[in-house]
Protein chains: 2
Amino acid sequence: MLRIRKATLDDVRVLREMILEFADFEKLRAQVKTTEESIARDGFGEHALFRALIAEWDGKIAGYAIYFVHYSSFEGQGLFLEDVYVRDGFRGKGIGKAVMAEVAAIAIERGFGAMRWEVLDWNQPAIAFYEGMGATFLHDRKAVQIEGDALRGLAALITDR
Amino acid sequence: MLRIRKATLDDVRVLREMILEFADFEKLRAQVKTTEESIARDGFGEHALFRALIAEWDGKIAGYAIYFVHYSSFEGQGLFLEDVYVRDGFRGKGIGKAVMAEVAAIAIERGFGAMRWEVLDWNQPAIAFYEGMGATFLHDRKAVQIEGDALRGLAALITDR
């Protein structure tokens, strides 16, 4: 029996566990810098940056979603689905789709015309799953990042601060 | 002479004009749904979703940047650069790079390890410009979107609300 509910501060520990499981799945564990403390502050503090849902199957924690409101200068406010994850052992029960349906309903309730997320290009099962629900892939967009020395080097171009 | 400053409510009209110029440049004018009213609310209201910088060259409005704080479950808070645009007639003066340097400095001041943005894959001059500053391209990520009937169809899968 599936139940989807809002995450609370009491879920921070299991949320962090699942984020690490998800990072292992995506082969990105080395990237994880978030901690129970930072998750508590950023999701459940006074100036929360994200919201989270918890999926329970027969009372056991089966998965989660994290989303936030993002902004597009062309399209305005929109919902960005940062993560949707179903734990090993709970897959194939429709939990992922049910969680995404909840997030889609939240987007509609808030008057947003679209929901966006990202997928790793080698994750063919996920791509097929998203295609099946009518999602479109924005093939002409590349994600770009600057960090570390390059970020500091760019900032250092300012001479008048 | 270049001056970069924070945008205020008085800049909403010119900000909207430049967003439309940028959309024309990206061949995405049909996507623009934001208005002066929505920009004033989302950038300068009580719950601002973004911040904007204005670049002036010899006192004339030459370009802008829009950025906001986004969230990654792996990396935590980060700065997302939604737009950086320099008007026709003001290009080739280093304004774009100076604006990006300001945003990079803001990211560092806030303790963020990285700044992210997106580029259209046909915009080779922009790609070369970003490569020159040491940015990396996250080639394994695809942007996905669901909207309209597909979004409503997904939300309608919920039966118990």
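**Exercise 1. Locate B:L9 and B:D10 in chain B, and decide whether each is buried or exposed.**

Step 1. B:L9 sits in the loop between β1 and α1 of chain B. Helices (H or I, at least four residues) and strands (E, at least two) are DSSP runs, numbered from the N terminus. This is a predicted model, in which local features need pLDDT of at least 70 and side-chain atom pairs count only at pLDDT 80 or more, while totals for chains, interfaces and linings use all residues. Residues are numbered from 1 along each chain as its sequence is written, and chains are lettered from A and ligands numbered from 1 in the order in which they are written.

Step 2. Apply the burial rule: a residue is buried if 20 or more other C-beta atoms lie within 10 Å of its own, exposed if 12 or fewer, and partly exposed in between, with C-beta atoms placed from the backbone. B:L9 has 12 other C-beta atoms within 10 Å and is therefore exposed.

Step 3. Two residues are in contact if their C-beta atoms, placed from the backbone, lie within 7 Å. Leaving aside neighbours within four places in sequence, B:L9 is in contact with B:A40 and B:F44.

Step 4. B:D10 also lies in the loop between β1 and α1 (12-25) of chain B. B:D10 has 10 C-beta neighbours inside 10 Å, so B:D10 counts as exposed. Its C-alpha atom is separated by 9.9 Å from that of B:F44, a residue 34 places away along the chain.

**Exercise 2. Describe the positive phi values of A:D58 and B:K27, and state where these residues lie.**

Step 1. Recall the general rule: most residues other than glycine have a negative phi, and most peptide bonds are trans.

Step 2. A:D58, which is not a glycine, has a positive phi near 50°. This residue belongs to the loop between β2 and β3 of chain A. A:D58 counts as exposed because there are 9 C-beta neighbours inside 10 Å.

Step 3. B:K27 is not a glycine either, and its phi is positive, at about 60°. The loop between α1 and α2 (36-44) of chain B holds B:K27. With 10 other C-beta atoms within 10 Å, B:K27 is exposed.

**Exercise 3. Examine helix α3 of chain B: its span, its buried residues and what covers them.**

Step 1. Helix α3(B) covers residues 95-109, which is 15 residues. The expected span of a helix is 1.5 Å times one less than its number of residues. From first C-alpha to last, α3(B) reaches 21 Å, close to the 21 Å expected.

Step 2. The buried residues of α3(B) include B:I95, B:G96, B:V99 and B:V103.

Step 3. Their cover includes α5 (148-155) of chain A, together with β1 (2-6), β2 (51-57), β3 (60-72), β4 (76-86) and β5 (114-120) of chain B.

Step 4. Just after α3(B), B:G111 takes a positive phi of about 85°.

**Exercise 4. Which residues of the largest nonpolar core touch the most other members, and which elements build this core?**

Step 1. A nonpolar core is a set of buried Ala, Val, Leu, Ile, Met, Phe, Trp, Tyr and Cys residues joined through C-beta atoms within 7 Å.

Step 2. The largest such core has 42 residues, and A:Y64, A:A65 and A:V103 touch the most other members.

Step 3. Elements giving two or more residues include α1 (12-25), β3 (60-72) and α3 (95-109) of chain A, and also α5 (148-155) of chain B. The most, seven residues, come from α3(A).

Step 4. Apart from this core lies another, of 41 residues, with A:L154, B:I54, B:V99 and B:A104 among them.

**Exercise 5. Determine how chains A and B are related, and what each gives to their contact.**

Step 1. Copies are superposed by least squares on the C-alpha atoms of residues with pLDDT of at least 70 in both; pLDDT is the predictor's confidence in each residue, from 0 to 100.

Step 2. The same surface serves both copies, as 100% of the contact residues of chain B recur in chain A.

Step 3. Chain B gives 67 residues to the contact and chain A gives 67 residues. On the side of chain B, the largest share, nine residues, comes from α3(B).
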